[in-house]
Amino acid sequence: MTKVISFDRVSDIYDATRGFPPEISEQVTDFILNLVSATPETKFFETGIGTGRIAVPIAKRGYSYTGIDVSEKMLAELHQKLEGVSHKLTAIQGDATALPFEENSFDVAVTVHVFHLISNWKQALAEIRRVLKSGGIYLYSHSQANATQPSADTNPDRWEFSQRWRAILDDYGHPLPRYGATQEEVLTELETQGVTLETVIAAKWQFQQTVGTLLENHENKTQSASWAIPDDIFTRAVQDLREWTLQRFSSLDYDFSEERQFKIVVVRNWT
Ligand SMILES: C[S@@+](CC[C@H](N)C(=O)[O-])C[C@H]1O[C@@H](n2cnc3c(N)ncnc32)[C@H](O)[C@@H]1O
């Protein structure tokens, strides 16, 4: 059976650790609505809708939004945000690889930071294509969480920290797992299907962080890649990481701030 990576275990801290600053959330919403030339008839769909980081602000503007997620607890967080708000959002529990929707149902499909989690990602992609109307637009954004190369906006010290974490786990014989696809794999697959691709930056912002906060996030297993590490190995590995961090950066207040970007690959002509 395919292993599913549910975010139940981090649903209560997801928004605090991954949420956009409020003004950036509005900027991303404006950008998406403008990008797809949204009208009152536009129907949005999202696989891995989570707590509604992308969906809720769009739904609050009155658009029809449908989403699916394996995590009941992430969906509970989403529904809580919509209490008392008039909306047209339907979010249901289900798996990306078997969508309970008719073909040609939606004008815009969205996936944000989810394909790195789905082992049968080609099937998930095929399902999105099936439910998207012909002439529809697919907005694809891949997580940097398990990147093997730094991107232009990565803080070099933070990159060194994450490479150290990888090396420590490698030494224990438990490398960080890769559950699903890389961005390159997804884009290559889409290209073989004859689509047109365009990369756009929906928002940029300064993200404030110290090495201490990042270390704490690792210790609290906020990152999905750490969930597959056996507990005994994990305990020793984070202890090694803490010791290395204190030696390398001297203080837990060492600044790891960086410019973050929200990047979207716009997929058109997917027929
Ligand atoms: C990193 S979160 C992203 C959530 C949201 N898209 C966002 O950007 O905030 C990934 C989400 O995908 C969900 N997920 C993982 N595998 C899935 C699958 N096979 N089918 C549906 N949802 C899945 C997780 O439960 C989690 O809520």
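User: Where is the place of serine 250?

Analyst: This is a predicted model. In it, serine 250 sits in the loop between α9 (231-249) and β7.

User: What is phi of serine 250 near?

Analyst: Start with the general idea. Most residues other than glycine have a negative phi. Now the case here. Serine 250 has a phi near 65°, a positive value in a residue other than glycine.

User: Is serine 250 buried or exposed?

Analyst: Count the C-beta neighbours. Serine 250 has 10 C-beta neighbours inside 10 Å, so serine 250 counts as exposed.

User: Now serine 37. Where is serine 37 found, and what is its phi near?

Analyst: Serine 37 lies in the loop between α2 (22-35) and β1. Its phi is near 50°, a positive value in a residue other than glycine. Serine 37 is exposed, with 10 other C-beta atoms within 10 Å.

User: On to the sheet. What order do the strands of the open sheet have?

Analyst: Read across the sheet, strand by strand. The order is β3-β2-β1-β4-β5-β7-β6, seven strands with mixed pairing. β3 (88-93) and β6 (196-207) are the edge strands, and each pairs on one side only. From one strand to the next, the twist averages 20°.

User: How many bridges join strand β1 to strand β4?

Analyst: Three bridges join β1 (residues 43-47) to β4 (residues 106-112). These two strands run parallel. Look at phenylalanine 44: it stands opposite valine 108 in β4.

User: Which strands does helix α4 lie across?

Analyst: Helix α4 (residues 72-81) lies across β2 (64-69) and β3. It runs at about 160° to β3. Another helix, α7 (residues 183-192), packs on the sheet. Helix α7 touches β5 (132-141), β6 and β7 (258-268). The direction of α7 makes about 155° with that of β6.

User: Which residues of α4 are buried?

Analyst: A residue is buried if 20 or more other C-beta atoms lie within 10 Å of its own. In α4 the buried residues are Met74, Leu75 and Leu78. Look down the axis of α4: these buried residues fall within an arc of 95°, so they line one face of the helix.

User: What do the buried residues of α4 pack against?

Analyst: They pack against α1 (14-18), α3 (55-60), β2 and β3.

User: And which residues are exposed on the other side of α4?

Analyst: Glu72 and Gln80 are exposed there.

Technical notes:
Residues numbered from 1 in each chain as written. Predicted model: local features only at pLDDT ≥ 70, side-chain atom pairs only at ≥ 80, totals over all residues. Pairing = 2+ DSSP bridges. Helix = DSSP H or I, 4+ residues; strand = E, 2+ residues; numbered from the N terminus. Axes fitted to C-alpha atoms, helices over the stretch in contact; angles between N-to-C directions. Contact = placed C-beta atoms within 7 Å. Buried ≥ 20, exposed ≤ 12 C-beta atoms within 10 Å, placed from the backbone. Arc of directions from axis to C-beta.
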